[in-house]
Amino acid sequence: MSDGASRYRDSAAPDYGHGFHAGNVGDAWKHLGLVEALRLARPASGAMHYLESHAGEGRYRLGSTGEWSAGIERVVAAADAQPRAVPEPVARWIGLCRRLGYAGRSSSWAGSPDVARALLEPDDRLSLWERDAAANAALARLFDGDSRARIVSGDGLAGLAREVHAAEASASAVVVLVDPPWSAKDDWLRVPDALADAVAATDRATFLLWYPVKSLTRPNAMLARLAARGVRSTVAELVTTPLDLRRGRLNGSGLLAVRPPAGWAGSMAGSAPFLGAACATHRGAWSLRLLDSGDPAPRA
Ligand SMILES: C[S@@+](CC[C@H](N)C(=O)[O-])C[C@H]1O[C@@H](n2cnc3c(N)ncnc32)[C@H](O)[C@@H]1O
């Protein structure tokens, strides 16, 4: 099939397997941002509801080589070499990766649902969508017996606004991760539109959207599309290969946060120099783009 858009709509065909990318620098940035969001959004009392629209398998077996060796492996090596230089959020996240099984080659990599679960309390809830049948079955096995978790097979974007709105009614804090495969061009339209609908339907929920950065063209167009819908956000983009050196490849990634908890942007900005230096493919050449479109306007 040559048309990416129709491939996206073919629900029978897996269009993406995250196993190949598990533990890469994009996963590192995403999971670090998720851990910080869940930590900082923890309410003083009451339960939290974590929702994820594109959950994946929940756990991956790392091969003897793979993208993880340019991601988590480099971060851990840098941390082991200079333990006193490790920013607190990075140290916390590395500790969690290790507790969840990361030990280098042939070890286990916790996907975002498993990372989130490790930070949740007994009264919290998780709602996880995964469209691919095999990935969904693996996820269901991983969460088997965990009464906090609801695993849904299907499109995680279709009912996002309704689901997050419902979660707000029963939880003190709601955190949502949107982590699509970006395997079709129309993801760059469909994803921000679904996010804007969900933001408009809710008052308090924190949203995190992960996206790849090959060049700034598509990310900037997506940010403009969200701004045109009135979505206020904080964006933290980490680029570890200069964008003009390697066009059309994954050079970095962004996390867009809507209603981030206080301190989240500071955690990301404070962690970027360590992660950037550790993962830069050209020595010392990394960059952080931090954008803040301001606090959300109060709702009438
Ligand atoms: C990037 S991976 C998720 C990785 C995971 N969030 C993590 O960090 O461990 C994207 C997942 O979305 C799934 N997927 C693709 N389109 C989807 C859709 N419309 N709704 C739900 N899941 C979808 C893919 O099968 C894939 O497992």
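Tutor: A residue is called buried when its relative accessible area is under 20%, exposed when it is over 50%, and partly exposed in between, with a 1.4 Å probe and protein chains only as cover. The model is predicted, so local features need pLDDT of at least 70 and side-chain atom pairs count only at pLDDT 80 or more, while totals for chains, interfaces and linings use all residues. Residues are numbered from 1 along each chain as its sequence is written, and side-chain values use heavy atoms, with hydrogens and water left out.

Student: Is Trp 182 buried or exposed?

Tutor: Trp 182 belongs to the loop between strand E6 (173-178) and helix H8 (187-200), where helices (H or I, at least four residues) and strands (E, at least two) are DSSP runs numbered from the N terminus. Its phi is positive, about 55 degrees, although Trp 182 is not a glycine. With a relative accessible area of 10%, Trp 182 counts as buried.

Student: What is the phi of Ser 106?

Tutor: Most residues other than glycine have a negative phi, and most peptide bonds are trans. Ser 106 sits in the loop between helix H4 (88-99) and strand E3 (108-110), and with a relative accessible area of 44% it is partly exposed. Its phi is a positive value in a residue other than glycine, near 65 degrees.

Student: Which residues come nearest to the ligand?

Tutor: A residue is near a molecule if one of its heavy atoms lies within 4 Å of it. There are 22 residues around the ligand, and they divide into four nonpolar, nine polar and nine charged; here Ala, Val, Leu, Ile, Met, Phe, Trp, Tyr, Cys and Pro count as nonpolar, Asp, Glu, Lys and Arg as charged, and the others, Gly among them, as polar. Those that come nearest are Lys 30, Glu 52, Ser 112, Glu 130 and Asp 179.

Student: How much of the area that the ligand exposes when taken alone does the protein bury?

Tutor: A polar contact is a pair of N or O atoms within 3.5 Å; within protein, one must be able to donate a hydrogen and the other to accept it, and residues adjacent in sequence count only if both atoms are side-chain atoms. A polar side-chain atom of Glu 52 lies 2.7 Å from a nitrogen atom of the ligand, an N or O atom in the side chain of Glu 130 is 2.6 Å from a ligand oxygen atom, and a polar backbone atom of Arg 131 is 3.2 Å from a ligand nitrogen atom. Taken alone, the ligand exposes 600 Å² (Shrake-Rupley method, 1.4 Å probe), and the share of this that the protein buries is 98%.

Student: Which helix gives the most residues to the shell around the ligand?

Tutor: The helix in question covers residues 25-41 and contributes three residues. Asn 24 caps its N-terminal end, with a side-chain oxygen 3.0 Å from the backbone nitrogen of Gly 26.

Student: How many disulfides does a search of the whole structure find?

Tutor: A disulfide is a pair of cysteine sulfur atoms within 2.5 Å. The sulfur of Cys 97 is 12 Å from the closest cysteine sulfur, in Cys 279, and therefore too far for a bond. Cys 97 is buried at 9% relative accessibility, and Cys 279 is buried at 3%. The number of disulfides found in the whole structure is zero.
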